[in-house]
Amino acid sequence: MKPRGRSGAFLERLHEAWIELRENPGRSVLQALGVMLGVASVLGGFSISDSQRQQTERLFARLGGVDKLNVLPTDTVYDGKPGALQSANRGLTLQDATEGEELGREKAVNATSVQKDARARVRSEFADREHAVTGVGADFVALNGYEIEQGRGFSSHDLATGAPVAVLGVQAASVFFPTDPPEAIVGKPLRIGDVPVTVIGVFRERSFRFREDQENIMAWRNRIVAVPSGLVAARMTGDPYHRVDRVTFRIPDLAAMTDFSRELSSLVTGNHRLQSDFRLDDVAKRMEKRMSQGAVYNLIFMLSGILALLGGGMVNVNVQLASLKERVREVGVKMALGAPGSEIFKSFMTEALLLTLLGSVVGFALGILYAWGITRIIGVPLSLAPLSFLWAILLAAVFGFLFALYPALKASRQSPMEALRYE
Amino acid sequence: MRIIETRNLIKTYGGRHENDGNAVHALRGIDLDVEKGEMVALIGPSGSGKSTLMAILGCLDAPTGGSYTLDGRQVEGLAGAELAAIRNEKIGFVFQQYNLLPKATILRNVELPMLYAGVSRRERRERALDLLARVGLPDKVNVLPGALSGGQRQRVAIARALANRPALLLADEPTGALDSKTGQEVLDLFGELHAQGNTVVLVTHDPKIAALAERRVELRDGLLWDGEQREKAAA
């Protein structure tokens, strides 16, 4: 007689395994404990580090995206007297920005931002203070994640002509116009240095907290007083060289970033008489670095999960071997009735499989609970990735399988006669 | 037709070589023939090699030497899986301690040999119910063995032994754990099965039980002790 219906045989074994587990709840729980803890540890750990990473991603998205390359001026002379070339340099200029944009046109640079900082006396009807003024150019607003809440943003005409207009962050607005509702601020006059400007808009409030109980790390962005960079250069600092404090390029294609940053570097170095008085800041790389810390945590969590699975696996082997003594006779009877060793092996493995599955389900629940608790404590929103579940169950399955092998082999290799005589 | 045919069957335990003094010679050359439909009682004192012979006849153990043919199949030299298949197909065991699986229902216990043989679910069920009815337990189908009396358990074991319509029913002290009344009932059942044409080998140390069989084979010190030898011993 040939065995028929393979899946039927599997279902029979599964049913028998279920009866075996159900009839020995204490032993089964003990055996599944390692799987539960391992799965919980891997899933929980991964989810916690995922949640952290998601939060970091959110931060960078709020900062205007990660696909940015910043060019910043630096000191050329750290010690001693500057050389002739160094003193002749004017630092980062508008020329660098426009030429860089030109260079990047083929490299998928789709936005350029220019920033020119100044400090000036800023006066309104209500306040008179020394305040930072940010001269902005080109795509500054979009590239830095600002949005207009009231009024309008800078038009290209404003930026090109250096028009005397200003857009305020909410905090700056409340400093200079404490009694006015935001919509009433638009159109109000403001005096920056000696230049009278008109407020044309207010930025939306910026806010980001890594954890719920931490301070708003974007608060400083609410203090911005933004004017066209041309206005700062022409009428405030009176700089004929159009020096700027930051140039930012956006390159959505991160693969092109490395190439572009190298070429940009040589372009700017050329413009600066071969002096390296600037630095490039690759935001994507910065984020990657932050993320790689997460990868280390993931590795640690996975290791601790593996340790739990290992410990649990050893307990499992012990329990299985101990229970095997009770079951020797049963195995002998099955063998006498014609079950080959392979059948005994399969039935033990099926039991282990079922145990691993059930343990994993409980482990999932424990892991979610664990990740939920920890993320609540550190105040980060919980994020569960399908991949974490996959990793957890994959590891559990591998260890469940490996540790089930030995008892199953041992059981299946018994001599039927000795097994039957076993008391 | 011959069901069992052994020639010079030898079983030796321990001992690293042929003439090792430490070796235990459990069987020392058994020639045994059992014809189809016979009921044979295998008797002998403990230590005579009875259990060893029973294990080898039941394909639970392999002989050290000699040949064994069961229902036309050469058995010696076969590997574990093949022996398992032969046990499944050709032999029905009845043990002294019943050896029912305690966590499986009566029905499942009887179905088990058919499960290993790959019989379809429906046929398994039908045959198991039929067998349980035959041994007089049609209403205990879904109970666990623990709920049955010793005699009932042995009936279930007999039903299980018959599941794959074996060529040989091998019973090892089947009444050893029963009182004389239920023991008699079980023996009657064996008689009935024999009358229906089943080949039965009954291992026992009880001469009264052995007397029920049409042929008795006595084992002493690993050798068959037939009438001829008995005369020689007397002389």
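This is a predicted model: local features need pLDDT of at least 70, side-chain atom pairs count only at pLDDT 80 or more; totals for chains, interfaces and linings use all residues.

Trainee: How many residues of domain 1 of chain A are in contact with domain 2 of chain A?
Mentor: Five residues of domain 1 of chain A are in contact with five residues of domain 2 of chain A. Two residues are in contact if their C-beta atoms, placed from the backbone, lie within 7 Å. The side of domain 1 that touches domain 2 has three nonpolar, two polar and no charged residues. Ala, Val, Leu, Ile, Met, Phe, Trp, Tyr, Cys and Pro count as nonpolar; Asp, Glu, Lys and Arg count as charged; the others, Gly among them, count as polar.

Trainee: Where do the two domains of chain A run?
Mentor: Domain 1 covers 6-61 + 290-421, and domain 2 covers 68-284. Those bounds come from an automatic or database domain assignment. The C-alpha centres of the two domains lie 56 Å apart.

Trainee: Is chain A compact or spread out?
Mentor: Its radius of gyration is 34 Å, well over the 22 Å that the globule rule gives for 423 residues, so chain A is more spread out than a compact globule. The radius is taken over C-alpha atoms, and the rule is 2.2 Å times the number of residues to the power 0.38. The C-alpha trace of chain A spans about 105 × 50 × 45 Å along its principal axes.

Trainee: What about chain B?
Mentor: Chain B has a radius of gyration of 18 Å, close to the 18 Å from the globule rule for 235 residues, so it is as compact as a globular protein of that length. Its C-alpha atoms fill a box of roughly 55 × 40 × 35 Å, taken along the principal axes.

Trainee: How many helices and strands does chain A have?
Mentor: Chain A has 14 helices and 10 strands. Chain B has eight helices and 10 strands. Both are DSSP runs, numbered from the N terminus: helices are H or I, at least four residues, and strands are E, at least two.

Trainee: At what angle do α2(A) and α11(A) pack?
Mentor: About 175°, with their axes 7 Å apart. Axes are lines fitted to C-alpha atoms, for helices over the stretch in contact, and angles run from 0 to 180 degrees between N-to-C directions. The two helices are therefore roughly antiparallel to each other. Angles under 35 degrees count as roughly parallel, over 145 as roughly antiparallel, 65 to 115 as roughly perpendicular and the rest as oblique.

Trainee: And α13(A)?
Mentor: The axes of α2(A) and α13(A) come within 9 Å and cross at roughly 155°. That makes this pair roughly antiparallel too. Residues in the contact include Val35(A) and Phe46(A) of α2(A), and Trp391(A) and Phe399(A) of α13(A). By class, that contact has 12 nonpolar, four polar and one charged residues.

Trainee: Switching topic. How many residues of chain B are in contact with chain A?
Mentor: 22 residues of chain B are in contact with 23 residues of chain A. On chain B, α2 (80-90) and α3 (106-117) each supply at least two residues of that side. The largest share, seven residues, comes from α2(B). The side of chain B that touches chain A has 12 nonpolar, five polar and five charged residues.

Definitions and conventions. Residues are numbered from 1 along each chain as its sequence is written. Chains are lettered from A and ligands numbered from 1 in the order in which they are written.
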